[in-house]
Amino acid sequence: MLTILIIYFLGFLYAQNSAKRSIKERLMKLLPCSAAKTTSPVTQNTVEDEMEMATVRHRPEALELLEAQSKFTKKELQILYRGFKNECPSGVVNEETFKEIYSQFFPQGDSTTYAHFLFNAFDTDHNGSVSFEDFVMGLSILLRGTVQEKLNWAFNLYDINKDGYITKEEMLDIMKAIYDMMGKCTYPVLKEDTPRQHVETFFQKMDKNKDGVVTIDEFIESCQKDENIMRSMQLFENVI
């Protein structure tokens, strides 16, 4: 199944809906606190003033620093920040809020577990919250990163315990979470061992030395040889 081979779930969403406007809307909704509201122009001074307000508990870094660290322009960061602040006035989103946001777009299933894995991938400093900086840097990789950066991000998502290896148990947890999230409305009734069969297929493809785990080098090498995966990494480059 294509879901196993697409390195992050946004690629799978693209396969379900080819309209670019729809893709952009869904992408912006699925990522936490990113539903940018652009009904009126936001001037640079206004946004920068807002980013200096002490009323929010978490104050993001200056736009200039984020522009240097990410692959977004200052104007793109302004749009992203306005949407983030409108949805998350505190300046951060915790895991429960993240799960609530994600569940709204998968009412046919249970997205709790997958949202937990995705939250941990965005929460790079593991402090239990995703700030505007965390959000921007993750989104920068997913939309504008190099092939190497995107594959590293995807590997980190699958490496649940962050020990540098993807095990069959970790991949099975991810697969079950995806099936639970998509629900019976998307997939027909599946045999209980279907996710495990997909995991076996994944490991046959990527576990080159057959030691029961997939390293970052094995993961990257296998993905780079797969045309579907390489194509999927270019789908969202111009959605903002």
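Predicted model: local features only at pLDDT ≥ 70, side-chain atom pairs only at ≥ 80, totals over all residues.
Helix α6 covers residues 74-87, and at 1.5 Å a residue its 14 residues should span 20 Å. The end C-alpha atoms are 20 Å apart, so expectation and model agree.

Staying with α6, which of its residues are buried? Lys74, Glu76, Leu77, Gln78, Leu80, Tyr81, Arg82, Gly83 and Phe84 are. That list includes Lys74, Glu76 and Arg82 as well as Leu77 and Phe84.

Now the whole chain. The protein has 14 helices and four strands. Of its 240 residues, 48% count as buried. The accessible surface comes to about 12000 Å², and carbon and sulfur atoms hold 49% of that. As for contacts with a separation of 6 or more, 67% are between residues 24 or more positions apart.

Next, the annotation. The UniProt entry, which is unreviewed, lists "domain: EF-hand" for residues 110-145, 146-181 and 194-229. I have numbers for two of these. Residues 110-145 are 67% helix and 8% strand, with end C-alpha atoms 30 Å apart. Residues 194-229 are 69% helix and 8% strand, and there the end C-alpha atoms are 22 Å apart.

Is Phe219 buried or exposed? Its relative accessible area is 1%, and the cut-off for buried is under 20%, so Phe219 is buried. Along the chain, Phe219 and Ala154 are 65 residues apart, while their C-alpha atoms are separated by 9.5 Å.

Methods: Residues numbered from 1 in each chain as written. Heavy atoms only, no water. UniProt positions renumbered as here; feature names shortened; annotations may be inferred. Helix = DSSP H or I, 4+ residues; strand = E, 2+ residues; numbered from the N terminus. Expected span 1.5 Å × (residues − 1). Buried < 20%, exposed > 50% of the residue type's maximum accessible area, 1.4 Å probe, protein only. Contact = heavy atoms within 4.5 Å. Areas by Shrake-Rupley, 256 points an atom, 1.4 Å probe, with all protein chains shown as cover.
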